[in-house]
Amino acid sequence: MKAKAEEYAEYYKNHLINECLPFWDRCIDQECGGYFTCYDREGNLTDSNKYVWFQGRQVYTYSLLYNRIEKRQEWLDKAYHGYQFLVERCYAGNGRWNLRLDRAGNVLVGTIAIYADLHCIQGIAEFMTATQGVLEEGMQILRDSYDVLEKNMFDPFFKEIFENTWSEKFIWHDMYLTALSVAEVCTPILGENRTKRLIDESLEKILYWFTRDEYQVVLEAVQRDNTPDLSDPQGRFVNPGHMVESMWFCLDTNRRLKNSEYQKKIINVIDWAYEIGYDMEYNGIYAFVDVEGGKPLQPLDWYEECNCAWNDKVWWPNSEALCAFAMAYADTGEERFGEMFEKQHRFCRDHFYDPEYGEWYSFLNRDGSVKSPEKGSKWKCAFHVLRALVFTYEAMQRADQREKAIEHYTKQ
């Protein structure tokens with residue numbers, strides 16, 4: 001890399017704490033509890049509904065900051081504020097979570113989304129880690145919710161998987177990448193023996209089902225017999241953002257497991273994601289592509305609802321790529337990953353970050369011009385960007401240790 005990892009570590013800690021996080025100071029709903037998450041560019045509230053998976057995500061974010069960056073009481077207090085709303089208003093009982101509430105906490109949409117379950121478990125687990133499991137009610141809800149989640153993840157006929165649609169034919173990559181991340185977050189508080197089954201299953205599905213060596217991609221959908229179907233538009237759909245997100249989750253887990261076969265495969269997939277998903281003309285990660293590269297037959301699900309073109313640049317794939325490239329460089333020391341990271345760093349700094357009002361824009365056009373200036377919506381909250389910045393900062397710290405060790409021993 002042209003710059004030293006130490007300089008990037010300092011940059012990303014500052015970018016996180018002073019340039020992005022302050023935008024979300026306005027998110028605390030002091031009257032009704034929980035968090036507001038929907039804001040325009042300047043920080044004006046655009047929707048007061050409580051999207052439950054975002055309530056869980058923001059409890060996770062504030063707890064993560066406390067656990068990984070600094071033991072600031074204000075971050076723990078903000079996490080506790082969201083935790084109270086989760087257990088009092090969002091929890092449906094019996095290990096399941098509602099999807100959407102109004103501002104006051106009345107249920108608008110109930111238990112139709114495994115992703116609400118996943119992200120509420122994620123938030124409570126990170127908060128329980130921050131507070132060392134002292135709140136027994138939270139620990140019991142966490143244990144019950146994790147048990148039900150695991151049961152549903154292994155049930156091929158469990159159909160409440162919004163935002164995905166259950167299919168007799170396909171299973172979906174993003175369910176397993178999210179489950180892997182959530183189970184890993186649960187490991188410090190529930191223990192490795194408890195989370196091992198779901199982690200092993202998620203790694204197997206990600207690395208040996210959705211990852212297809214013959215095409216050098218990670219497919220978003222494979223058939224239930226572990227075969228691709230490229231005759232179906234859903235079977236051809238490739239999400240480069242999910243490729244890099246999934247791989248950095250795998251890297252994070254494998255730092256604990258130390259499986260050399262996994263490591264080699266993960267690093268290969270990050271290379272593949274760069275080859276098929278990186279815009280070599282304008283930089284940044286494409287929103288979605290066909291299995292053979294280029295424009296897919298059609299947008300699917302979330303992308304269609306958001307009017308997202310295949311070559312748009314979206315906040316979350318690009319923050320995930322930043323993190324994945326940083327982690328690959330930290331883990332391998334290979335210069336090509338340092339170069340990928342620096343290209344992505346410049347693109348995100350120059351185009352996604354809003355220096356006037358803080359935080360990142362939601363959507364850019366292919367050339368990096370702003371397509372949607374909103375900072376929060378029913379799809380974006382204080383989660384993807386801030387989480388990626390935390391893990392990018394940590395990766396650059398590890399890379400700095402590597403660089404200093406090399407410098408030290410080459411002088412001997």
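In which crossing, left-handed or right-handed, does α7 pass α10? In this predicted model, α7 passes α10 in a left-handed crossing.

**Packing of two helices**

Two packed helices are described by the angle between their axes and the distance between the axes. For helix α7 (residues 192–210) and helix α10 (residues 260–277), the angle is about 50 degrees and the axes lie 11 Å apart. The two helices α7 and α10 are therefore oblique to each other. On the side of α7, the contact involves Leu 203, Leu 207 and Tyr 208, which meet Glu 261, Tyr 262, Lys 265 and Ile 266 in α10. Sorted by class, this contact of α7 with α10 has five nonpolar residues, two charged residues and no polar ones.

**Aromatic pairs**

The structure holds 34 aromatic pairs. The table presents two of them.

| Pair | Centre to centre | Angle between the planes | Arrangement |
|---|---|---|---|
| Tyr 80 and Tyr 83 | 6.0 Å | 25 degrees | stacked |
| Tyr 286 and Trp 310 | 4.9 Å | 45 degrees | tilted |

Tyr 80 and Tyr 83 both belong to helix α3 (residues 73–90), where they are three residues apart, about one turn of the helix. Tyr 80 is partly exposed, with a relative accessible area of 36%, whereas Tyr 83 is buried, at 4%.

Tyr 286 lies in the loop between α10 and β13 (289–290), and Trp 310 lies in the loop between α11 (302–305) and β14 (313–314), so this pair ties together parts that are 24 residues apart in sequence. Tyr 286 counts as buried, with a relative accessibility of 10%.

Aromatic residues also form a cluster, whose members include Tyr 51, Trp 53, Phe 54, Phe 162 and Trp 379.

Technical notes. Residues are numbered from 1 along each chain as its sequence is written. This is a predicted model: local features need pLDDT of at least 70, side-chain atom pairs count only at pLDDT 80 or more; totals for chains, interfaces and linings use all residues. Side-chain values use heavy atoms; hydrogens and water are left out. Axes are lines fitted to C-alpha atoms, for helices over the stretch in contact, and angles run from 0 to 180 degrees between N-to-C directions. Helices (H or I, at least four residues) and strands (E, at least two) are DSSP runs, numbered from the N terminus. Angles under 35 degrees count as roughly parallel, over 145 as roughly antiparallel, 65 to 115 as roughly perpendicular and the rest as oblique. A crossing is left-handed if the near helix is turned anticlockwise from the far one by less than a right angle, and right-handed if clockwise. Contact means heavy atoms within 4.5 Å. Ala, Val, Leu, Ile, Met, Phe, Trp, Tyr, Cys and Pro count as nonpolar, Asp, Glu, Lys and Arg as charged, and the others, Gly among them, as polar. Rings of Phe, Tyr and Trp (its six-membered ring) pair if their centres lie within 6.5 Å; planes under 30 degrees apart count as stacked, over 60 as edge-to-face and the rest as tilted. Buried means under 20% relative accessible area, exposed over 50%, partly exposed in between (1.4 Å probe, protein chains only).
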